Amino acid sequence: MSANPGGTVSAGTPVDLSANRRGRASIDQVWVWVLVVLLGLELLYFSLTSTGFWGGGSGMLSASSEFLDVSVMALGLALVIFAGEIDLSIGAMASLSGIVMAQLWHVEGLNIWLATLITLVMAAGLGALNGFIITKFGIGSLLVTLATQFIFSSVATAVSGESPPYGFPKAFLTITGTGSIGPIPADLIIFAVLALFIGLLVSRTRYGRSLVLVGHNRPAARYSGVNVSRTLIWAFIGSAVFAAIAGIMIAGVYNAVRDDVGIPLLLPSVTIVVLGGVDIFGGKGRISGVIIASIIIGYVSVGLLDGGSTPLTVTMVQGIVLIVGLIIKISLDRRGGVAFRDALARFFARQHLGKATVSSDV
Amino acid sequence: MTATGQALSYLDQQMPGETGEKARSRLVAILMRREVQLLVALLLMSGIVDVLRPQFLSSSNISFMLAGSVVIMVVATGQTMVIITRGIDLSVAPMLGIAAIAIGFPAQNHNLNIFVALVLVILIGIALGVGNGLLVTVAGIPPIIATLATLSVYGGLQFVFTSGLTVISLPHDYIAVGLEDIVPGIPWLLLIGVGIVIVAELFLKFTPWGRAIYAVGNNADAAYRAGIPVRRTLFMTYIICGLLSGIGGFVYLCYIGSASSTTGTDTNVNLISIAATLIGGTSLLGGRGRPIGAALGAVFLSVADTAIVVLRILPIWEPAGVGVLILLAVVTDRQSGPATRRALRTRHHAEVAA
């Protein structure tokens with residue numbers, strides 16, 4: 001990962017860790033509430049401006065299956081980013097998984113659930129490969145997953161062939177895509193279960209704690225007996241498997257697979273994790289933030305597409321949401337806040353500079 | 001005695017009468033240079049493919065491959081500077097695209113003068129680079145996230161500007177720049193690319209601004225304490241990267257002859273420029289790398305691309321090839337790193353002793 005030299009330098013002053021940690025916890029909490037308010041405002045706006053968005057609540061719920069694949073991907077990616085790494089290969093992994101699952105079912109004639117299981121195992125293996133190369137050779141994850149992204153997408157294209165299969169069994173479609181229990185779509189249930197799992201994993205288990213510690217302070221993690229390599233490899237397995245689940249959900253929603261469906265989902269999922277308040281350098285953040293951010297970003301696209309915007313406009317708005325969100329977050333956040341306030345102070349008045357510096361030391 | 005002191009005294013024992021050894025270690029250091037490795041790999045690959053497909057090294061094909069590398073060469077030069085500062089710029093693709101369409105439409109509809117177009121892309125590139133620079137330095141957003149956000153925003157702007165239209169026909173002088181050779185085998189575009197790489201090399205090596213870029217990438221804190229304006233340096237770097245992406249858009253327009261709302265993004269300029277930079281020996285950890293390496297990386301990728309086509313390997317394997325190349329580049333770099341450092345330390349010690 002690339003560091004932020006500007007921020008480091010501007011912090012300048014020795015950091016009081018205890019005060020920092022206490023401040024941080026409350027800021028994380030505040031951020032989650034900011035996101036909740038943001039989501040509320042967003043849903044209100046779209047309900048008022050876009051006809052048919054609300055649909056008595058059920059319209060909105062069923063629309064969620066249009067974006068939950070990205071949300072699932074973001075959950076897996078959050079694990080890796082918690083550990084201070086990044087996984088750029090998840091988009092290609094989603095494409096590859098959809099294709100492999102479909103081909104196992106279509107060409108090999110396997111039962112579709114068996115095909116799904118085999119695909120998930122394959123994804124776990126490839127995720128472990130990512131993690132293994134990163135930890136064994138000590139190469140940055142940005143680089144390794146950039147490379148494996150290229151490789152996975154080539155393999156996906158090769159496996160898919162001229163006309164990738166479509167028309168999956170009805171039971172499969174019901175469970176992974178189009179089905180629903182009352183007004184709640186099946187995708188939402190899958191997402192809820194996975195989100196609960198990841199949330200508990202990160203906050204309540206030994207693994208989750210060591211994962212966050214690895215992201216927060218790797219030497220400290222090593223000295224306190226955490227197997228850093230193994231922790232990282234499991235994080236990459238997690239992100240790969242979640243990407244595979246997302247790929248299979250896409251197959252279920254569209255009742256078809258393509259070799260290029262996953263790649264465009266990479267950037268939104270990074271956006272979600274970062275907007276959700278997970279520090280890109282690792283070690284800080286909350287899964288609840290990621291979950292809410294994924295719903296915010298998802299409904300931005302649903303709402304705007306409903307209103308007749310083009311996909312590229314949607315991406316642009318998502319980018320603006322990310323920038324604005326981050327600027328707010330950083331100005332809340334202590335370390336980045338110093339950089340931001342310093343800069344503002346320098347732009348406006350001289351006496352504020354002194355004030356900003358003093359308040360940052362307290 | 002400190003560990004360093006022990007290491008130095010160990011070198012002391014090695015030193016007397018070891019001039020042959022010294023010369024050899026210097027040779028090793030040269031051979032370990034990424035630019036040299038790349039050149040050797042490039043010649044080997046071209047030679048082998050030429051044996052298999054004799055037309056491969058014809059002057060027209062060489063010209064084709066060199067011209068095809070220039071877009072990435074120019075963009076990767078900017079990317080190299082950003083990566084030297086430990087940053088990354090994921091928004092080069094839409095910056096290139098916006099520049100290409102911003103001059104493409106006036107050129108198509110109003111026969112815009114080509115020199116005015118060049119000035120225009122530079123200004124546009126600078127403006128877009130300022131956006132990235134502000135987010136990274138003033139707002140303090142990590143570069144990967146800031147440029148990820150501007151990738152979306154600029155991509156959207158590009159679409160808004162085109163309003164779904166495509167540039168399809170250009171005045172003759174643009175096409176001439178894009179397609180004609182100075183002498184057979186050397187296209188005009190290459191002149192632009194090589195000129196930019198040379199200027200960038202000189203800038204990085206001989207100006208205080210250029211050296212500040214390395215200093216900031218090596219250790220921002222130390223650079224700050226040494227009186228280097230860290231944030232201003234970073235800001236400048238992102239502007240240069242935007243500027244070069246803008247020129248990349250100009251080159252793209254001349255070479256391809258068309259531009260649309262997805263220009264740049266659809267040919268994966270972001271990742272390919274990063275790949276060329278890394279293959280060229282620039283370290284993601286900052287402080288190390290050269291534009292000339294990135295340029296050779298761009299040529300290497302272009303030649304590999306063409307080789308895949310003439311060898312009738314399915315083009316779907318081309319991305320996989322790029323991926324494997326990136327991994328190879330990094331793994332070999334890690335092996336050569338310590339050896340180079342050892343060689344350098346020996347040389348340094350010899351100079352001190354002399």
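Predicted model: local features only at pLDDT ≥ 70, side-chain atom pairs only at ≥ 80, totals over all residues.
Chains A and B touch through 44 residues from chain A and 49 residues from chain B, and the largest nonpolar core counts 216 residues.

**Where the chains meet**
- Sort chain A's touching residues by class and you get 28 nonpolar, 16 polar and no charged ones.

**The nonpolar core**
- Four residues touch the most other core members: A:Met73, A:Ala78, A:Met93 and B:Ile326.
- Helix α12 (residues 228-254) of chain A gives this core its largest share, 17 residues.
- Take a look at B:Ile326: leaving out residues up to four places away in sequence, it touches A:Leu143, A:Leu146 and A:Ala147 in chain A, plus B:Ala275, B:Leu278 and B:Ile279 in chain B.

**A helix pair in chain B**
- To describe two packed helices, you give the angle between their axes and the distance between those axes.
- For α6 (residues 114-138) and α7 (residues 143-162) of chain B, the angle is about 145° and the axes are 9 Å apart.
- The crossing of α6(B) and α7(B) is right-handed.
- From α6(B) come B:Leu128, B:Gly131, B:Asn132, B:Leu135 and B:Val136, and they meet B:Pro143, B:Ala146, B:Thr147, B:Thr150 and B:Tyr154 of α7(B).
- Split by class, the residues in this helix contact are 6 nonpolar, 4 polar and no charged.

Terms used. Residues numbered from 1 in each chain as written. Chains lettered and ligands numbered in written order. Axes fitted to C-alpha atoms, helices over the stretch in contact; angles between N-to-C directions. Helix = DSSP H or I, 4+ residues; strand = E, 2+ residues; numbered from the N terminus. Left-handed = near helix turned anticlockwise from the far one by under 90°. Contact = placed C-beta atoms within 7 Å. Nonpolar A, V, L, I, M, F, W, Y, C, P; charged D, E, K, R; others polar. Core = buried A, V, L, I, M, F, W, Y, C linked by C-beta atoms within 7 Å. Buried ≥ 20, exposed ≤ 12 C-beta atoms within 10 Å, placed from the backbone.
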